[in-house]
Amino acid sequence: GTGAESGEYHFLPHNADLKNIDTSALSYTDMLSYIARGKSKKLIFLDTCYAGLAGEPDGTGWINALVRDGQGRRVAVFASSVANQKSTELPPPYAHGAFTYALLDALYGRENSKSMIPEEQITVKGLGYWLEVRVANLARLVNKTQTPDTQDLTGERLPVAAFLAQP
């Protein structure tokens with residue numbers, strides 16, 4: 001999928017019809033209704049172009065909407081890029097975009113992530129910092145700029161995962 005600028009953030013699946021975006025993509029309003037269900041904490045990972053549109057704390061994105069709906073203390077959003085950026089696809093042998101590759105690096109403890117995230121558990125804050133540094137470095141490999149954004153409204157040291165064994 002990808003994000004599109006159409007006045008509202010949309011998640012576009014691979015077969016989305018840009019002429020019929022409202023019926024072939026998932027709007028952030030629709031996503032909000034799914035997120036609002038249930039009382040558990042939620043981690044949202046958006047690896048799309050313009051993903052920051054979904055996390056902008058200016059009233060147009062999810063953050064203010066989640067706070068207004070009382071969900072704010074239970075949500076962390078990891079956006080692969082800021083509101084006006086495309087996300088970077090990496091060439092072989094990476095087989096992923098910069099954000100997903102960096103996320104997998106962190107989860108598997110690759111590329112010095114264990115030294116940058118010293119806890120045995122990967123927290124939202126630690127993962128956000130890692131993604132910011134690693135994604136920028138990966139994007140530079142292909143002469144691009146990409147700035148991930150993490151909005152953590154949980155107000156605590158929320159664990160995301162423990163390091164996984166290398167595949």
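Author: Buried means under 20% relative accessible area, exposed over 50%, and partly exposed in between, using a 1.4 Å probe and protein chains only. This is a predicted model, where local features need pLDDT of at least 70, side-chain atom pairs count only at pLDDT 80 or more, and totals for chains, interfaces and linings use all residues. Residues are numbered from 1 along each chain as its sequence is written, and side-chain values use heavy atoms, with hydrogens and water left out.

Reader: Ok, how many salt bridges does the structure hold?
Author: One, taking a salt bridge as a side-chain nitrogen of Lys or Arg within 4 Å of a carboxyl oxygen of Asp or Glu. R134 pairs with D105, and their closest N and O atoms are 2.7 Å apart. R134 lies in helix α6 (residues 124-140) and D105 in helix α4 (residues 98-108), so the pair ties together parts 29 residues apart in sequence. Helices here are DSSP runs (H or I, at least four residues), numbered from the N terminus.

Reader: And is R134 buried or exposed?
Author: R134 counts as buried, at 13% relative accessibility. D105 is buried too, with a relative accessible area of 0%.

Reader: What about the rest of α4, how many of its residues are buried?
Author: Eight of the eleven, so α4 is largely enclosed by the rest of the structure. Among them are F99, Y101 and L103.

Reader: Switching topic: where is N112?
Author: In the loop between α4 and α5 (113-116). N112 counts as exposed, at 59% relative accessibility. Its C-alpha is 9.9 Å from that of W130, 18 residues away along the chain.

Definitions and conventions: Helix = DSSP H or I, 4+ residues; strand = E, 2+ residues; numbered from the N terminus.
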